[in-house]
Amino acid sequence: MNQRTILITGATSGFGEAIARRFAKEGWKLVILGRRKDRLDKLAKELKAHVLVCDVRKRKEVFEAIASLPREYATIDVLVNNAGLALGMESAHKADLDDWEQMVDTNVKGLMYITRAVLPGMVERGHGHIVNIGSTASNYPYPGGNAYGASKAFVKQFSLNMRADLQGTNVRVTNLEPGLAETEFSLVRFKGDKEKAATVYAGMMPLTGQDIAEAVHWCTHLPAHMNVNRMEIMPTAQSFGPFAVHRKT
Ligand code: NDP
Ligand code: 8X3
């Protein structure tokens, strides 16, 4: 029986749910975290997971949630910092500052809180792997990507800096940087507008939650002496455009 434990944040949909399903198949002990209790309870019943109903933006709540883990789930071997979101796609001079704040509070501060709560145990045990879900938006700018891309750039550099801090501890860190993937991501970004969300993936084959789950599974099952620092994955249908040049007409 596999006695390893994985904690997945943002397990109520998309990548997080798919990662939970992937690891459940091999008998990993699952700790699933998110805000929507009904979804977590349903998934926990199906996969036999331990539920943490928690908003990662709330520092006290995060530390209490991690401290509340029963003994059988407290030894976390893999932490997937997946909870996150984009809100809006307005240009910087028109964007909603509340949206910017929520992205920073979730994607940056929430990720720091969970990491800081879980990491000491990994270091103490000389074993563990943190997989942060970054984004191609951290590597390539696009119109309207402003604070979202910047929040993921934080995740990328935080991941690399952790590698430096964790030298000699055997704790691994990976920043997984997906491109376009069909989840509830665009529905959230466009605040429930289903039609607008659907246009993002129209006429192309996006990445799926299962694709990303497979990547998380792969990099966490490599021999202990191998650390994937960064892994960028795009759908084949997505690539790069030229620089934009504004010309006087
Ligand atoms: P989904 O919207 O399907 O899933 C997002 C998850 O994050 C949900 O489970 C949600 O749970 C959770 N979450 C959001 N805010 C909080 C919070 N404050 N506290 C706890 N959990 C929270 O989108 P994805 O699966 O696509 O997104 C997962 C990650 O992947 C995000 O970090 C996203 O930025 C990143 N990503 C997505 C890409 C894409 O194209 N889909 C590409 C690259 C990166 P709940 O609402 O129940 O709290
Ligand atoms: C999500 C990918 O291109 O929509 O992180 O920003 S993108």
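Author: In this predicted model, helices are DSSP runs of H or I with at least four residues, numbered from the N terminus.

Reader: By how many residues are Phe-154 and Phe-158 separated in helix H5?

Author: Helix H5 covers residues 146-165 and contains both Phe-154 and Phe-158. About one helical turn lies between the two, because their separation along H5 is 4 residues.

Reader: Is the aromatic pair of Phe-154 and Phe-158 stacked or edge-to-face?

Author: The structure holds 4 aromatic pairs. One of them joins Phe-154 and Phe-158, with 5.3 Å centre to centre and 20 degrees between the planes. Planes under 30 degrees apart meet the criterion for stacking, so the pair is stacked.

Reader: What is the relative accessible area of Phe-158?

Author: Phe-154 is partly exposed, at a relative accessible area of 27%. Phe-158 is also partly exposed, since the class buried requires a value under 20%. For Phe-158 the relative accessible area is 21%.

Reader: Are H4 and H5 roughly parallel or roughly antiparallel to each other?

Author: Helix H4, residues 97-125, packs with H5 at an angle of about 20 degrees, and the axes are 8 Å apart. Angles under 35 degrees count as roughly parallel. The two helices, H4 and H5, are therefore roughly parallel.

Reader: How many nonpolar residues has the contact of H4 with H5?

Author: Residues of H4, including Trp-100, Leu-111 and Leu-119, meet residues of H5, among them Phe-154, Val-155 and Phe-158. By class, this contact of H4 with H5 has 1 charged and 4 polar residues, and its nonpolar residues number 12.

How values were computed
Residues are numbered from 1 along each chain as its sequence is written. Chains are lettered from A and ligands numbered from 1 in the order in which they are written. This is a predicted model: local features need pLDDT of at least 70, side-chain atom pairs count only at pLDDT 80 or more; totals for chains, interfaces and linings use all residues. Side-chain values use heavy atoms; hydrogens and water are left out. Rings of Phe, Tyr and Trp (its six-membered ring) pair if their centres lie within 6.5 Å; planes under 30 degrees apart count as stacked, over 60 as edge-to-face and the rest as tilted. Buried means under 20% relative accessible area, exposed over 50%, partly exposed in between (1.4 Å probe, protein chains only). Axes are lines fitted to C-alpha atoms, for helices over the stretch in contact, and angles run from 0 to 180 degrees between N-to-C directions. Angles under 35 degrees count as roughly parallel, over 145 as roughly antiparallel, 65 to 115 as roughly perpendicular and the rest as oblique. Contact means heavy atoms within 4.5 Å. Ala, Val, Leu, Ile, Met, Phe, Trp, Tyr, Cys and Pro count as nonpolar, Asp, Glu, Lys and Arg as charged, and the others, Gly among them, as polar.
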